[in-house]
Amino acid sequence: KTNHDNMMANAAKITALISGGGSGTGASGFSNDSAPAAAGENAEKVIANKARLYEIENTVMHNKFVAYEERSMIEENRALILKNYSAAFMGNRQMANHNTEKIFQNRSAILEAIKVDGQVQENYRRSMLNEAKVEYLEHRSALNSRVAGVNVELSAINRELISVNSR
């Protein structure tokens, strides 16, 4: 049994005690024999109501416990998701950036190493270097656009979280 199960069992015992389980006394703690019948009946109703209110309070507090337990699990999951997302973003982004840089450097090194003979071949090599640079910049721009697009989505999610937290 968990502590919560024990608490629920104790609540049931308290409800039974409040409802007069075996005490033989009314609401005032005195025997109902000396009180008029209506007052005694009324006292029993008050005791029954008190027991029922305790049961309702216990149910409400149990629901509060469950709601906060669920919130705690949701918050923990959200923190783990954000941690995993951040780690994946940083790792993937670093690899993409590194690979993009290395590809451009390698293409440039290959083109620079080509032996040329005459102005026509030199112009061709420079043209190829320019083309490599353009492709590098296009790819870099596409990576930047993806990051910017995700940033917009994350900003919208943050606005939603702020909205939810203000309720």
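This is a predicted model: local features need pLDDT of at least 70, side-chain atom pairs count only at pLDDT 80 or more; totals for chains, interfaces and linings use all residues.
Local features are reported at pLDDT of at least 70 and side-chain atom pairs at pLDDT 80 or more, whereas totals for chains, interfaces and linings use all residues. Residues are numbered from 1 along each chain as its sequence is written, and side-chain values use heavy atoms, with hydrogens and water left out.

Helices are treated first. They are DSSP runs of H or I with at least four residues, numbered from the N terminus. Helix α1 covers residues 3-18, helix α2 residues 37-113 and helix α3 residues 119-165. The axes of α2 and α3 come within 9 Å of each other and cross at roughly 170°, where an axis is a line fitted to C-alpha atoms over the stretch in contact and the angle, from 0 to 180 degrees, is taken between N-to-C directions. The crossing angle therefore makes α2 roughly antiparallel to α3, a label given to angles over 145 degrees. The residues of this contact comprise 14 nonpolar, 4 polar and 9 charged. In this count Ala, Val, Leu, Ile, Met, Phe, Trp, Tyr, Cys and Pro are nonpolar, Asp, Glu, Lys and Arg are charged, and the others, Gly among them, are polar.

Histidine 4 has a relative accessible area of 17% and so is buried (buried is under 20%, exposed over 50% and partly exposed in between, with a 1.4 Å probe and protein chains only). Lysine 133, in helix α3, is 124 residues from alanine 9 in sequence and 74 Å from it in space, C-alpha to C-alpha. Lysine 133 is partly exposed because its relative accessibility is 37%.

Side chains of opposite charge can pair when their charged atoms come close. The whole structure contains 6 salt bridges, each defined by a side-chain nitrogen of Lys or Arg within 4 Å of a carboxyl oxygen of Asp or Glu. In helix α2, glutamate 41 and lysine 45 are 4 residues apart, about one helical turn, and their side chains form a salt bridge with an N to O distance of 3.6 Å. Lysine 45 is partly exposed at 47%. Also in α2, arginine 52 and glutamate 55 are 3 residues apart and pair with their closest N and O atoms at 2.9 Å. Both are partly exposed, arginine 52 at 46% and glutamate 55 at 33%.

In helix α3, glutamate 122 and arginine 125 are separated by 3 residues, about one turn, and their salt bridge has an N to O distance of 2.7 Å. Glutamate 122 is buried at 15% relative accessibility, as is arginine 125 at 14%. Salt bridges link these two residues and Arg126 in a network.

On the surface, Leu53, Ile56, Val60 and Met61 form a nonpolar patch with about 360 Å² of accessible area together. Areas come from the Shrake-Rupley method with a 1.4 Å probe, and for residues only the protein chains shown count as cover. Patch members have over 30% relative accessible area and no salt bridge; nonpolar side chains (Val, Leu, Ile, Met, Phe, Trp, Tyr) are joined within 5 Å and like charges within 9 Å. Leucine 53 belongs to helix α2 and is exposed, with 56% relative accessibility.

Note on methods:
Helices (H or I, at least four residues) and strands (E, at least two) are DSSP runs, numbered from the N terminus. Angles under 35 degrees count as roughly parallel, over 145 as roughly antiparallel, 65 to 115 as roughly perpendicular and the rest as oblique.
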